[in-house]
Amino acid sequence: MSRPPQLHTSVYPAIAPETIGQANKDKVAVVTGAARGIGQAIAVALAKSGAKVALLDLDEARQADTRQTCEALGVEARAYACNVLDEEACVSTFARVEQDLGPVDILVNNVGGGTRRPMAMETFRQFWEGLEWNLKAAVLCIYQVLPGMRKRRRGCIINIASRAGTLPMPFSGSYCTGKGALIRLVSCLHKELQLDGLSDDIHVYALHPGATLSQEGLPFHADVEEAYPQEVEKWAKFHKTFKCLPAQCAQTCAFLAAGRGKVLNGKYFDCEQDIATVVGAGEEGLEGLYELKVEFLGGLPNDGGTASAVNIET
Ligand SMILES: NC(=O)c1ccc[n+]([C@@H]2O[C@H](COP(=O)([O-])OP(=O)(O)OC[C@H]3O[C@@H](n4cnc5c(N)ncnc54)[C@H](O)[C@@H]3O)[C@@H](O)[C@H]2O)c1
């Protein structure tokens with residue numbers, strides 16, 4: 001059994017800008033939800049590594065700071081007002097990005113968040129909006145870039161998921177479901193790219209950004225707090241342990257976009273872990289790890305059919 005990787009809460013040498021250098025020079029990167037928080041940090045990290053960046057958020061003005069910071073790093077940066085849940089808006093915005101900056105090499109799907117309501121206290125519509133926020137937005141953006149990436153045999157798609165996609169959590173049905181589906185989608189897409197001999201050229205990841213102080217720490221709705229005071233108190237305590245800097249996930253994105261973590265291609269990675277150690281474990285060392293799975297009593301295989309299963313009654 002290998003030793004577990006060290007955990008970090010800020011940028012460490014393997015992912016530092018000095019280590020990555022200009023590895024993404026002149027690549028075109030799209031980052032969704034780039035006006036603040038983790039998305040803003042991701043855009044800046046990609047710009048530091050030389051990429052031209054297209055910033056997508058609900059309104060262009062909100063991204064002025066991100067755009068200026070990226071431009072000050074000497075790269076081209078453009079901000080677009082785009083609701084990434086709106087198909088027409090996505091189609092036209094990605095067309096403009098290609099016109100303005102060139103074909104997209106890197107897509108980081110960062111938009112998402114939790115509704116923080118138990119199913120008993122939210123409508124179907126609220127639940128579904130939460131699900132779309134964490135799944136539809138990413139899928140829509142993937143559809144905008146995938147055909148071009150396949151044609152050019154080049155690309156990297158990073159999806160900001162969450163630990164919540166790997167664990168059950170109360171008040172997070174749509175969040176956990178959306179993030180879990182996103183993690184699964186990454187593994188499915190990777191398999192399809194493998195079948196077409198494209199998986200080495202187009203690499204895809206799902207990330208937990210780390211427990212990061214940002215809007216995710218917003219207070220609960222008053223009615224939920226009143227109905228579940230103990231749960232809400234537990235969350236508040238848990239939230240105090242959120243220590244990761246947005247730059248840690250952001251630099252991990254720059255590292256992966258540079259193709260330095262391809263052994264994690266198609267997998268889920270938690271940015272709190274030391275990526276150099278994890279990548280160093282190699283394909284064999286990571287076999288069956290960093291992915292969603294179900295395990296059964298007695299090690300019964302999840303092999304998709306009874307025919308090859310052990311202990312079958314005949
Ligand atoms: N902060 C954490 O600890 C944490 C943990 C796990 C996962 N995450 C995930 O990381 C991602 C970023 O989190 P954050 O805390 O930085 O979020 P945030 O709420 O601070 O920022 C999200 C950005 O996305 C934009 N946005 C929201 N909906 C949009 C839409 N429909 N179209 C375009 N832009 C839209 C917002 O305007 C905002 O600028 C999310 O997917 C979140 O679920 C965060």
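**View A. Arg 153 in the loop between helix 5 and strand 5.** Arg 153 is found in the loop that links helix 5 to strand 5; helices (H or I, at least four residues) and strands (E, at least two) are DSSP runs, numbered from the N terminus. Although Arg 153 is not a glycine, its phi is positive, at about 50 degrees. Arg 153 is exposed, with 12 other C-beta atoms within 10 Å. A residue is called buried if 20 or more other C-beta atoms lie within 10 Å of its own, exposed if 12 or fewer, and partly exposed in between, with C-beta atoms placed from the backbone. Please note that this is a predicted model, where local features need pLDDT of at least 70, side-chain atom pairs count only at pLDDT 80 or more, and totals for chains, interfaces and linings use all residues. Residues are numbered from 1 along each chain as its sequence is written.

**View B. Phe 171 in the loop between strand 5 and helix 6.** Here is another residue other than glycine with a positive phi, near 65 degrees. Is Phe 171 buried or exposed? Phe 171 counts as buried, with 22 C-beta neighbours inside 10 Å.

**View C. Helix 6, residues 173-195.** The 23 residues of helix 6 reach 33 Å from first C-alpha to last, close to the 33 Å expected at 1.5 Å a residue; that expected span is 1.5 Å times one less than the number of residues. Among the buried residues of helix 6 are Tyr 175, Leu 182, Ile 183 and Val 186. The buried residues of this helix pack against helix 5 (124-152), strand 5 (155-160), strand 6 (202-208) and strand 7 (268-270). Just after helix 6 comes Gly 197, with a positive phi of about 65 degrees.

View D. Strand 1 (residues 28-32) and strand 4 (residues 106-109) pair over three bridges, and Val 30 has Leu 107 in strand 4 as its bridge partner.

**View E. Val 31 and its contacts.** Leaving aside neighbours within four places in sequence, Val 31 is in contact with residues including Ile 42, Leu 46, Val 53 and Val 108; contact means that C-beta atoms, placed from the backbone, lie within 7 Å.

Conventions: Contact = placed C-beta atoms within 7 Å. Pairing = 2+ DSSP bridges.
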